Amino acid sequence: MSTSCIFKNFIDETFIQTNNPNDKISKAQMNLLFKEKYPTKNLTDNQISISLKEKNIKYDAQVRKHNIRGVYTGLKQLTD
């Protein structure tokens, strides 16, 4: 399975796509969650961005979450 497919599965398993601009996750948090689940897989920011664009998830470099600039909007993390 390609890393791109693994990342898309990770998104489907970890988040719900709400399309609500108030639901957001920082790029740093996205990377951290992915590395926690798949420590041996390496993705570049560009690969992540492309995978999320294919799922119609938008990135906003000007918005902050937890004082970190750069968020993906319309995503809400699922809870166990």
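Which side chain of opposite charge is nearest to Asp 23, and how far away is it? I looked this up in a predicted model, where local features need pLDDT of at least 70, side-chain atom pairs count only at pLDDT 80 or more, and totals for chains, interfaces and linings use all residues. Residues are numbered from 1 along each chain as its sequence is written, and side-chain values use heavy atoms, with hydrogens and water left out.

**Asp 23**

I found Lys 76, 4.3 Å away. Lys and Arg count as positive, Asp and Glu as negative; His and the chain ends are not counted. Asp 23 has no salt bridge, because that term requires a side-chain nitrogen of Lys or Arg within 4 Å of a carboxyl oxygen of Asp or Glu. I placed Asp 23 in the loop between β1 (15-17) and β2 (24-26); strands (E, at least two residues) and helices (H or I, at least four) are DSSP runs numbered from the N terminus. Leaving out residues up to four places away in sequence, I listed its contacts (heavy atoms within 4.5 Å): Thr 18, Tyr 72, Thr 73, Gly 74, Leu 75 and Lys 76.

**Aromatic rings**

I noted six aromatic pairs. Rings of Phe, Tyr and Trp (its six-membered ring) pair if their centres lie within 6.5 Å; planes under 30 degrees apart are stacked, over 60 edge-to-face, the rest tilted. Phe 7 and Phe 10 form a tilted pair, 5.7 Å centre to centre with 40 degrees between the planes. Both lie in helix α1 (residues 3-14), three residues apart. Phe 10 and Phe 15 are edge-to-face, because their planes stand at 85 degrees, with centres 6.0 Å apart.

Methods
Buried < 20%, exposed > 50% of the residue type's maximum accessible area, 1.4 Å probe, protein only.
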